[in-house]
Amino acid sequence: PACAGLVPTSPNVEQNFIRTLARRIVDQSQLLARSNLQELEQVVGYVSHMPGQRTVVLVSPGFMSQSEQPQLNRIIDHALRSQVVISSLDPKGLANLIREGDASQSYVPTIGSGGPVMSVHNQDSQREFVATDVLAEVAEGTGGEFFHNNNDLKAGFGALTASSGYYILAFMPSEMKLDGRFHQLKVTLANKPRNVTIQSRRGYFAPKNEAEAQTEVKEQQV
């Protein structure tokens with residue numbers, strides 16, 4: 001028998017409620033991602049006018065950014081054109097993907113330990129990867145470093161703000177398409193010497209027209 005004061009609900013009503021709640025969470029995540037990227041873009045624009053070596057340290061636990069990928073690409077492109085390096089730090093420290101668990105203890109899910117447990121662990125791992133992917137991307141795309149999965153945050157700040165030696169390579173497309181679109185790039189080493197790493201941008205935005213191309217050339221000469 002139904003409990004007094006409770007109105008039985010049909011499966012369809014419950015499913016609609018869950019869909020509405022999920023949609024609300026997704027919308028809030030998109031708004032947060034858009035706001036975070038707008039603030040980062042403003043910081044890059046401000047720092048780009050400063051003299052000397054320009055480095056921005058982005059401290060964030062990560063956020064969903066797939067829906068805002070074009071904006072993220074523009075920020076990376078702007079930072080590269082302005083010679084601004086963005087390094088990122090994940091303040092969560094050592095990731096704990098075990099619910100109600102201890103991050104200092106190793107844990108390897110085993111087959112047969114429970115389907116729901118394995119599913120939850122995989123979901124947590126995927127969410128952690130997606131949320132921090134934006135931190136890795138801005139660092140990799142601008143020549144910065146990504147400090148994560150480490151509880152020594154003081155050492156992390158020290159490593160990200162310390163000066164380091166590096167070389168900047170540039171190229172000019174032989175046949176530039178003035179289409180304003182994002183073009184992907186892939187840079188690899190012909191040989192793989194020890195203790196040598198390479199970081200490269202994932203692509204670039206082409207100018208929309210000849211006037212915009214000339215403006216970019218003048219900006220590079222300043």
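A nonpolar core is a set of buried Ala, Val, Leu, Ile, Met, Phe, Trp, Tyr and Cys residues joined through side-chain atoms within 4.5 Å. In this predicted model, the largest such core has 17 residues, and those with the most contacts inside it are Leu40, Val44, Ile86 and Val138. Two or more residues each come from helices H1, H2 and H3 and from strands E1 and E2. H1 gives the largest share, five residues. In soluble globular proteins, nonpolar side chains tend to be buried together.

The contributing elements lie along the chain as follows.

| Element | Residues |
|---|---|
| Helix H1 | 11–47 |
| Strand E1 | 54–59 |
| Helix H2 | 69–81 |
| Strand E2 | 84–89 |
| Helix H3 | 115–142 |

E1 pairs with E2 in the parallel sense, over six bridges, and Val56 stands opposite Ile86 in E2. From E1 the chain passes through H2 to E2, and this β-α-β crossover is right-handed.

Helix H2, with 13 residues, reaches 18 Å from its first C-alpha to its last, close to the 18 Å expected. Its buried residues are Gln71, Leu72, Asn73, Ile75, Ile76, Asp77 and Ala79. Just after H2, Gln83 takes a positive phi of about 60°.

Ile86 links several of these parts. Leaving aside neighbours within four places in sequence, Ile86 is in contact with Leu40, Val44, Val56, Leu58, Ile75, Ala79, Val138, Ala139, Thr142 and Gly144.

Key. Residues are numbered from 1 along each chain as its sequence is written. This is a predicted model: local features need pLDDT of at least 70, side-chain atom pairs count only at pLDDT 80 or more; totals for chains, interfaces and linings use all residues. Side-chain values use heavy atoms; hydrogens and water are left out. Helices (H or I, at least four residues) and strands (E, at least two) are DSSP runs, numbered from the N terminus. The expected span of a helix is 1.5 Å times one less than its number of residues. Buried means under 20% relative accessible area, exposed over 50%, partly exposed in between (1.4 Å probe, protein chains only). Two strands pair if DSSP finds at least two bridges between them. A crossover is right-handed if, with the strands pointing away from the viewer, the path from the first strand over the helix to the second runs clockwise. Contact means heavy atoms within 4.5 Å.
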